[in-house]
Amino acid sequence: MNCGKVLKVCALTAGMCVSAADAASDDTRLCTELKMRDGLPNFSAKLKEQNRLKVAYLGGSITMANGWRTQTTEWLRSSHPDREIIEINSAIAGTGAGFGSCRLQEHVLKEKPDLLFVEFRVNGGDNSMARTMEGLVRQTWHRLPETDIVFVYTISSPMIPDIRSGQLPGKNGAELEQVAQHYKIPSIDFGPEIVSRIDAGSLVFKGTSAEPGVVLFSRDGVHPGTEGHAIYTGIIKRSFARMFAAGAEPAPHSIPSPLDPGNWEQAGMADPAPMLCGEKGWKTERWNSSRVVKKFQELWGNIDCERIVPALNEARSPGAALEFTFEGTVFGFFDIGGPETGSVRITLDDGVPFEVSRFNRFCYRYRPQYYLSEELPAGKHCVRIELAEPSIDKASIVGAEKFESDPRFAENTFYPVKILLNGKMLD
C-alpha cells in the first residue's frame, strides 16, 4: 500500500475526507493517519459534563514549541466555550520516552490531567521505546484510570521513504504501535498527509523558501514552521471529530498483562539533596532564587520552572558527590547544562569509575539535559556521582572566540535537578 498515493486526493482538503488507509484495521504494520482503537470516551464525556478539564502534553521540542500544542488547546477552548480547558505543558526539547517515563509522575500525573498527549517518535525511547512507553501507560492508568491517552506521531526527514511506502517508520514506529495496540490507545500519525503533500508538490519539507502557494514545512527537516504546525493541528481536529463521533461509553481503563515485564512501570525521580556528600562542595537553591534557573527560564519560556526545575543543586568543587542505593535496572539524572558545566565521574557498585561529560556544543547557554545508564541486571545497585577534575577542551567545542568571550567557560560545575530511576530508592 502506498500511503502517499492513497491520501493524495483527500489530504489537501481541510474537510472530513477519510482515506482507505485511515479506514483500515488496527494493523500495527501500516502507516495510517488515525487508528481509533478505544478512542477518547472519558474525555469526550467530560467535555459534556464537567466545567473544568486539564489537557497535558508530554514530548520533545516539536510539542514544546508554540505550535500544534497551543493551537490544539485553543481549538478545544473555542469549540467548548462554556468549559475551562487548562493546558499542562510538560514537553522538554531534546528528550525521549525514557526520561518522559521517569518524570511522568512529577511533571504530569500530579496535575491529574483528563487527557494526555504523548509525542516521542522523533526523539526516540532512550533505552527502549517499547519498555519506556509501556511503563508510561501503566503508570498513568494505575494512578488515573479515567485519563485518556493519545499517541501523536510527528515526522522527520529520514521517516519519509517508509511513510511513502505505507509502512511505519523504523523500530520506534513499530514499537509505539505495539504498545498502542496492546492498550487500545488511539494514535494519530501526521506523516501520511505531509508525505502526500510533498508528492503533490504543494509542500516543501525542508528548505529556506517555497514558491507562492506552496507550504514551507520546516527549515531543518524536523521542526515545523507556522504553516507546518497548522497542518498538524488540522489532522488533530479531524481525528478528534471522528473519535468524538464514535460515541464509546466512558469507563476506567483496565490494565492488561504487560507486553514486557521489564517495562518502566516503576520509573520515577528523586530529590538529590538528601544524597549530597560533602556539604561544603554543594550549594542548593530554590528555583526562584537561583541565578542559573533565572537565566534558564529566560531562554526556555515554555518551561514551567516551578514544576520542572523546583530546585537546583550546584557541585562547586571536584569530589563533591551524591551517593544512593536503589533496587532496579536503570539510574540516571536530570541536570542543567551550561557554560560552566564539566564532567562527572560515576562509580557503579564495585566497578571501575567512568566519566560522563555534561558539556557539549549547545552549552553556550543553559539547557535541559539528562543521562540514563544502560540496562542493568535487576537488583540492588550502589551509585556514586561526583564532579570530576576539569578535563574538557571547551574552546575546541564551542570555538575559541566564543570561549574567550565568556569567563563562565573556565568554570567547572555540575547542576543536578533530579535523580532518575527505573526502580525504587533504598534507604
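Q: Two strands pair if DSSP finds at least two bridges between them; what makes β14 and β17 a pair?
A: This is a predicted model, in which local features need pLDDT of at least 70, side-chain atom pairs count only at pLDDT 80 or more, and totals for chains, interfaces and linings use all residues. Residues are numbered from 1 along each chain as its sequence is written, and side-chain values use heavy atoms, leaving out hydrogens and water. Strand β14 (residues 343-348) joins β17 through 5 antiparallel bridges; at least two are required, so the two strands pair. Ile-346 has Ile-385 in β17 as its bridge partner.

Q: What makes β13 and β17 a pair?
A: Strand β13 (residues 321-337) and β17 (residues 379-387) share 8 bridges, in the antiparallel sense. Val-383 of β17 is the bridge partner of Phe-324. Strands here are DSSP E runs of at least two residues, and helices are H or I runs of at least four, numbered from the N terminus.

Q: What makes helix α5 mostly covered?
A: In α5 (residues 97-107), 9 of the 11 residues are buried, buried being under 20% relative accessible area with a 1.4 Å probe and protein chains only (exposed is over 50%, partly exposed in between). Among them are Phe-99, Arg-103 and His-107.
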